[in-house]
Amino acid sequence: MTSTDTSASFQMPEGLSAGDTARLRGLRRMRALALSLLVLAAVIYAVTRNQDGFLGYVNAGAEAAMVGAIADWFAVTALFRHPLGLPIPHTAIIPNRKESLGESLQEFVTDNFLREDVVRERIQSAGVSRRVGEWLVTEGHSERLVAEGSRVLADALRHVKESDVAAVIQEALIPRLKEEELSPVVGQLLEEILRDDAHRGLVDLALDELGRWLAINEEEVAALIENRAPSWTPQWLDKRVAGWVHDQVLEWVAEISRTPDHNARIALNRWLTDLSDGLQHDPETRTRFENLKERVLSQPRVGVTSVRLWDALRRALIGSLGDEHGLLRRRALEEIEAFGQRLIDDPELDRRIDATISDVAAYAVNHYGSEVATIISATVNRWDGKETAERIELHVGRDLQFIRINGTVVGGLAGIAIHAASALI
């Protein structure tokens, strides 16, 4: 019996983690304590044999304590292996029934943990968004997040090969764009832009840049007009006409820029509205747009230009991400800190984010919870019976040794009580 109770009967795989090593030490200590009580009871029983009076009570208690200790040792050991190596029926329960054990554990986790109401309640009570906000505003956290995120993103961009991008554009993106009818999508997008008046800023920017260019390049504009003048007109007249035309065009552009309801703006809006409607509902307009799209995408330079644009953007991003004091990282840090503060100060935002997290978690649990839980049974099924028993014993075996200790103590007290009752009778 003592040989099976030693730590030699427990052979864990090599490379135990620090936690498993601590559990193994605790298990061995409790086993040694339980065994020591059994040995102590056996010694007391041997010393007090054939004694009357008080020692008779001690002898009866020691005898019952040995019985209780042995019985509970048998019960605990039978969970994990055959006691004394004997193939006694209904022993080594865990190794022999590990598949059903894994299935039962999987069912238990699914029914009691992977449930929508449990997940929602836990997320709401945890206050995930507020905790994230508090973490973000804590000194140093946002900086570390930006630094690590910049490093990871820059490394990812460095590993993107130009040949791979070219292959995606040439073999996937451009053929897909050719196949898809884009005119309704473009028309709907243009309609949304016009409805929100989102194009006004772009028009103003274009007018400002055009006016600035005309003002700076007066001589080039005048020369262009002079070159278009008839050969029989005097040169001085050409110069005066060119200067007048330049001034009129410059004034016209400035007038459009400062007048929100200018006729040119109204005409542009009307043309864009007709174009939006035609792209969505007019077959002829849609056909012309699709033909234009086909001609543009068929140009060899489209793929080359797209790759070059991507490469320029990639190199610019890598440079900006690598600059600790650059605008991109400073702006990212400011936005993250501001977002973290909003998570703390804005209860409505906090509530919405927690609700969104709860919805995502609930969806995942409802649709994939059972698949996630199968990891339990699949993992247990991959273990052999002995490994399963050893892993479980490593985690719960220390507490189970208290059954043996309690059995020894309770058995001894029961033996004394029975001996007293017998004496009274």
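How far apart in helix α16 are D311 and R315? They are 4 residues apart in this helix (residues 300–322), so about one helical turn separates them.

## About the model

This is a predicted model, in which local features need pLDDT of at least 70 and side-chain atom pairs count only at pLDDT 80 or more, while totals for chains, interfaces and linings use all residues. Residues are numbered from 1 along each chain as its sequence is written, and side-chain values use heavy atoms, leaving out hydrogens and water.

## Overall shape

The chain has 19 helices and 0 strands. Helices (H or I, at least four residues) and strands (E, at least two) are DSSP runs, numbered from the N terminus. The radius of gyration of the chain is 42 Å, well over the 22 Å that the globule rule gives for 425 residues, so the chain is more spread out than a compact globule. That radius is taken over C-alpha atoms, and the rule is 2.2 Å times the number of residues to the power 0.38. Along its principal axes, the C-alpha trace spans about 150 × 45 × 40 Å.

Contacts here mean heavy atoms within 4.5 Å. Of the contacts in the chain with a separation of 6 or more, 73% are between residues 24 or more positions apart.

## Surface and charge

Of the 425 residues, 29% count as buried. Buried means under 20% relative accessible area, exposed over 50%, and partly exposed in between (1.4 Å probe, protein chains only). The chain exposes about 27,400 Å², and carbon and sulfur atoms supply 60% of that area. Accessible areas come from the Shrake-Rupley method with a 1.4 Å probe; for residues, only the protein chains shown count as cover.

On the charge side, you will find 48 positive and 64 negative side chains, and the centres of the two sets lie 5 Å apart. Lys and Arg count as positive and Asp and Glu as negative, without His and the chain ends. Each charge is placed at NZ of Lys, CZ of Arg, CG of Asp or CD of Glu.

## Salt bridges within helices

The count comes to 29 salt bridges, each being a side-chain nitrogen of Lys or Arg within 4 Å of a carboxyl oxygen of Asp or Glu. In the opening pair, D311 is buried, at 14% relative accessible area. A312, also in helix α16, is partly exposed at 36%. A312 and Q170 are 142 residues apart in sequence and 18 Å apart in space, C-alpha to C-alpha.

Helix α15 (residues 283–297) holds E290 and K293, 3 residues apart and separated by about one helical turn. Their side chains form a salt bridge at 2.6 Å, N to O. E290 is buried at 15%, and K293 is buried at 9%.

In helix α8 (residues 141–158), R158 and D155 are 3 residues apart, about one turn. They meet in a salt bridge at 3.0 Å, N to O. R158 is partly exposed at 47%, and D155 is partly exposed at 29%. Both belong to a salt-bridge network that links E148, R151, D155 and R158.

## Two loop residues with positive phi

Most residues other than glycine have a negative phi. A92 has a positive phi, near 50 degrees. A92 is in the loop between α3 (54–80) and α4 (93–96), and is buried at 4%.

D197 has a positive phi too, near 55 degrees. D197 sits in the loop between α10 (183–195) and α11 (200–216), and is partly exposed at 32%.
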